[in-house]
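Thanks for passing this one along. Below are my notes, as numbered points to read beside the model.

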Amino acid sequence: MSVVGHPPPPFFKRGPAPLARLAFFVILSLALLVFDLKYRTLEWVRQGVAVALYPLQRAAYTPVDLYEQVGAYFSRLGAVQQENAELKRKELESANWLLRQQHLELENQRLRELLDMRARQPVSGTLAEILYTARDPFSRRVIVDKGSQHGIAGGQAVVDESGVLGQVTRVFPLQSEVTLVTDKNQAVPVKILRSGLRTVLFGASGGQLELRFLAANADVQPGDLLVTSGLDGVYQPGLPVARVARVDRDAAYSFARILCEPVAGVEKHGQVLILGAREPLPPQVEETEARDKPLKGRRARKKE
Amino acid sequence: MAIQPTHSSRRILLPVKQWFILFSLAAAFFLDLIPLGHAVGVPDWVALVLAFWSVREPQRVGMGTAFVAGLLMDVASGSVMGQHPLAYLLLAYAGGGLSRRILWFPLAQQALHVLPMLLATQLVMVVTRMAGGADFPGWGFFLGSFSGALLWFPLTFVLLLPQYQPVERDENRPI
């Protein structure tokens, strides 16, 4: 078996027994699991390795990118023209709203000044593109091409042209990870636009959303639009999230089973808008004055 | 001589090169990085190559390699730290322990041995993640193991390619 010039296989020096080695490594990985799931203390390891892996990841994205580009090149001219016509029609339709919105916003501001109310927060946004879906099959996340180098921070809300898509949950220097609203561990405080009922929306399996813990006789109908209530300090109030698809009122359970469909193109890829971080809700009225100054400074710095 | 298995495919191989093991693992990792979304039936390439080397070369590729590869996979796929190392560790342990038994069989039966190992790897991942409160990914998730076991044939050929030596027939030599 042995080839001339090679030492014979080490029969006697084999290190610790396999079972001992297995026990050591299993305990190590269980410790990793607990630390990551319970305490979230391993983000720095992840950041470091992710930065090192970034070029490799971009390289691995090339074949998919190439495929998409070739597909786009061969997509028929007709389809593009049709899409163009559709977009023009949509723009005209929304122009009506947009033109009046400017006027309404000014009016709103004036009225608020008259009433001496706190001004509504200005909304800023960063345009980003969804690169790909994260490989992890246990969660619903996508990777977008803007990261901490572009001023993205964890917790920012992500929307597309029709509604809320999700929230930035992990930021790397050049890209960030967005957890979609359909993820099981993602919750969005919403209110029902028709009745004003406030509740919390959770992700459910199969790309759907679920309203949990609503009484069996709650005022919810199929077709109701759910918009963010803004109570969480994360999402701006009034962004559409989902539409109620089915309401099962079973007398055997004390809660109704309400399934909703997301409004945004959650499973589609394309351009998204990462909304600027909301200013934290004022905890006390007295602190508002002191709080305003550093915030203004921060905003001014961002503009530079 | 009579009790020796005499499969026609069994040839005397050159010793394996360390750099080739590392290169094949890196190539598998690169294949795993290609973002295919939640496509069903795509095998976990790193697990497959790891199973291959832990069966072929249990002295060189063992639980340490599995642990490091698992950590890299965790970061690359954005999953919980520790999920892939735990699963790959058990795979490498089983591969190393069953190595002498598995190599005795022809390729089809080797693939049948590898299939439950790959399935158990995926099962460990599902159990750890569901214990952490994640969603069940659906039964299609396990299809990756079956396609992986089918790939055992081409994989064996490709990964042993640098170790083959030209067949030279000699009338005066018994083997």
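1. P15(B) sits in the segment that precedes α1 of chain B. With 13 other C-beta atoms within 10 Å, P15(B) is partly exposed (buried takes 20 or more other C-beta atoms within 10 Å of the residue's own, exposed 12 or fewer, partly exposed lies in between, and C-beta atoms are placed from the backbone). P137(B) is 122 residues away from P15(B) in sequence, and the two are 41 Å apart in space, C-alpha to C-alpha.

2. A word on conventions. Residues are numbered from 1 along each chain as its sequence is written, and chains are lettered from A and ligands numbered from 1 in the order in which they are written. Please keep in mind that this is a predicted model, where local features need pLDDT of at least 70 and side-chain atom pairs count only at pLDDT 80 or more, while totals for chains, interfaces and linings use all residues. Helices (H or I, at least four residues) and strands (E, at least two) are DSSP runs, numbered from the N terminus.

3. Helix α1(B) covers residues 18–33, and its 16 residues reach 23 Å from first C-alpha to last, close to the 22 Å expected at 1.5 Å a residue (that span is 1.5 Å times one less than the number of residues). Its buried residues are S24(B), L25(B), A28(B), D32(B) and L33(B). The cover over them includes α2 (43–74) of chain A, along with α2 (45–56), α3 (63–77) and α7 (152–160) of chain B.

4. On to the contact between the chains: 38 residues of chain A and 34 residues of chain B take part (two residues are in contact if their C-beta atoms, placed from the backbone, lie within 7 Å). On the chain A side, the elements that give two or more residues are α1 (18–39), α2 and β1.

5. Strand β1 (125–133) of chain A runs antiparallel to β2(A), joined by three bridges (strands pair if DSSP finds at least two bridges between them), and T133(A) has V142(A) as its bridge partner. Four bridges join β2(A) to β5 (176–180) of chain A, again antiparallel; here I143(A) stands opposite E177(A).

6. Chain A also holds a barrel: six strands close in the order β6-β7-β8-β11-β10-β9, with antiparallel pairing. Within it, β7(A) (198–204) and β8(A) pair over four bridges, and A204(A) is the bridge partner of Q208(A).

7. One backbone angle to check is that of F213(A), whose phi is near 60 degrees, a positive value in a residue other than glycine. Most residues other than glycine have a negative phi. F213(A) lies in the loop between β8 (208–211) and β9 (225–228) of chain A, and counts as exposed because it has 11 C-beta neighbours inside 10 Å.
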